[in-house]
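I opened this entry to keep track of what I looked up. The notes follow in the order I made them.

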Amino acid sequence: MPPPAHYRLRAIRLYKELHRLGREYPDPSYDFHGKLRRAFEKNRNLEDPEKIERAFALGEYVKNETLALYSLRKYRWLRRSYHPQDDPR
Amino acid sequence: MRPTPANLLRVLVPIKRCVDYAVKIRVNPSQTGIDTNVKHSMNPFDEIAVEEALRLRERHKDLIKSIKVLTIGPPKSQETLRTALAMGADEAIHVETPADAPHGEPLGIAKAIAAVIAREKDGVDIVIMGKQAIDGDEGQTGQMVAGLMGWGQATFASSVTVNEGGTLNVNTEIDGGAEEVKVRMPAVITTDLRLNTPRYASLPNIMKAKKKPLTKVTPEELGVDLKPILETIKVTEPPKRVGGGKVENVDELVAKLKEAGIV
């Protein structure tokens with residue numbers, strides 16, 4: 001039995017968000033898009049709603065972590081450049 | 001000019017398109033400037049400014065009537081405006097300069113911003129902008145806008161609160177501490193690093209931003225001349241760091257130090 005359509009839409013939306021985030025990943029040798037695709041493909045046949053929700057939660061978690069990574073990177077760079085006296089190092 | 005009633009504040013956020021912070025800056029072979037054929041993004045301090053305008057609106061629901069973003073730059077600056085619109089600004093104004101025009105200087109840019117403010121039919125109550133851009137690092141434009149308009153200014157803000165009766169309380173960063181100033185609107189605020197953490201525009205918002213209004217004007221229509229006053233003679237890279245050397249023993253070290261005139 002295929003999963004309901006609303007899961008499909010949610011999955012596509014999450015995938016698109018993550019894909020866009022991956023474009024700006026700072027380390028070019030890290031295969032963000034490959035990992036992203038494989039992670040989604042691994043879960044393509046999930047049917048148990050609980051497992052599906054857990055997979056979504058993991059996706060959201062990765063999204064938030066990536067966002068945090070980006071903003072922290074920028075913030076650290078700014079602080080190093082413009083507030084060196086506050087830098088703990 | 002009297003400030004509009006407190007429930008109808010209009011915010012203008014001038015932003016700048018800069019070379020991305022993560023890009024290694026290189027001088028072009030003819031030594032006239034830097035290589036601009038690299039990734040660009042919004043000046044991080046201006047991101048903070050956009051975020052602060054949005055947060056003011058979130059904090060005081062009905063207080064802020066509109067948030068407009070403004071940029072002065074080549075056609076590609078439009079991407080930067082779209083980014084700001086995707087973050088949540090309502091409208092954008094693009095003062096378009098030719099793609100090959102030299103980099104604007106603070107005074108010219110400030111005059112252009114002042115001209116845009118003068119053109120706004122409903123006026124502007126708060127101008128929030130980054131304290132400096134990460135490319136030129138001049139840090140003068142905000143102050144110049146305040147000077148040209150004859151408005152109050154609160155520079156290097158680390159927190160902003162709107163009071164009843166058309167004033168703002170702003171905590172500003174000064175050398176070795178903080179200062180709290182009260183400024184009557186209309187006013188110019190320049191943002192410092194600690195003010196907030198800018199949000200990242202979500203995909204649906206990026207799509208919505210494509211439909212938000214964007215007005216284009218030329219510097220000629222505004223009656224401002226953006227030609228640089230300063231002449232750039234030469235741009236060079238900083239000297240390469242030379243590696244240190246190892247010494248075999250103490251005598252050699254002392255000899256080297258004497259040679260350098262330290263002991």
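I started with Pro186(B), which sits in the loop between strand 9 (177–184) and strand 10 (187–191) of chain B. I note that the model is predicted.

**Backbone angles**

I found one at Gln31(B), where phi is near 60°. I placed Gln31(B) in the loop between strand 2 (17–19) and strand 3 (40–42) of chain B. Is Gln31(B) buried, exposed or partly exposed? I read 30% relative accessibility for Gln31(B), so the residue counts as partly exposed. The cut-offs I needed here are under 20% for buried and over 50% for exposed.

Phe156(B) was another entry on my list. Its phi is near 55°, again positive in a residue other than glycine. I located Phe156(B) in strand 7, residues 152–162 of chain B. Its relative accessible area is 29%, so I wrote Phe156(B) down as partly exposed.

**Chain B as a whole**

I counted seven helices and 11 strands in chain B. Its C-alpha atoms fill a box of roughly 80 × 40 × 40 Å along the principal axes. Chain B has 263 residues, and 44% of them count as buried.

How far apart in sequence are the residues that touch? I took the contacts in chain B between residues at least 6 apart in sequence, and 70% of these join residues at least 24 apart.

For charges, I noted 35 positive and 35 negative in chain B. Their mean positions lie 5 Å apart.

**Where chain B meets chain A**

My last stop was the contact with chain A. I found 21 residues from chain B and 16 residues from chain A taking part. The area buried between the two chains is about 1700 Å², with 62% of it from carbon and sulfur atoms. Which residues of chain B lose the most area to chain A? I listed Tyr21(B), Leu193(B) and Tyr200(B), which together make up 44% of what the chain B side buries.

I also looked for salt bridges between the chains and counted one. Lys74(A) forms a salt bridge with Glu47(B), and the closest N and O atoms are 3.1 Å apart.

Key: Residues are numbered from 1 along each chain as its sequence is written. Chains are lettered from A and ligands numbered from 1 in the order in which they are written. This is a predicted model: local features need pLDDT of at least 70, side-chain atom pairs count only at pLDDT 80 or more; totals for chains, interfaces and linings use all residues. Side-chain values use heavy atoms; hydrogens and water are left out. Helices (H or I, at least four residues) and strands (E, at least two) are DSSP runs, numbered from the N terminus. Buried means under 20% relative accessible area, exposed over 50%, partly exposed in between (1.4 Å probe, protein chains only). Contact means heavy atoms within 4.5 Å. Lys and Arg count as positive and Asp and Glu as negative; His and the chain ends are not counted. The place of a charge is taken as NZ of Lys, CZ of Arg, CG of Asp or CD of Glu. Buried area is the accessible area (1.4 Å probe) that two parts lose on being put together, summed over both. A salt bridge is a side-chain nitrogen of Lys or Arg within 4 Å of a carboxyl oxygen of Asp or Glu.
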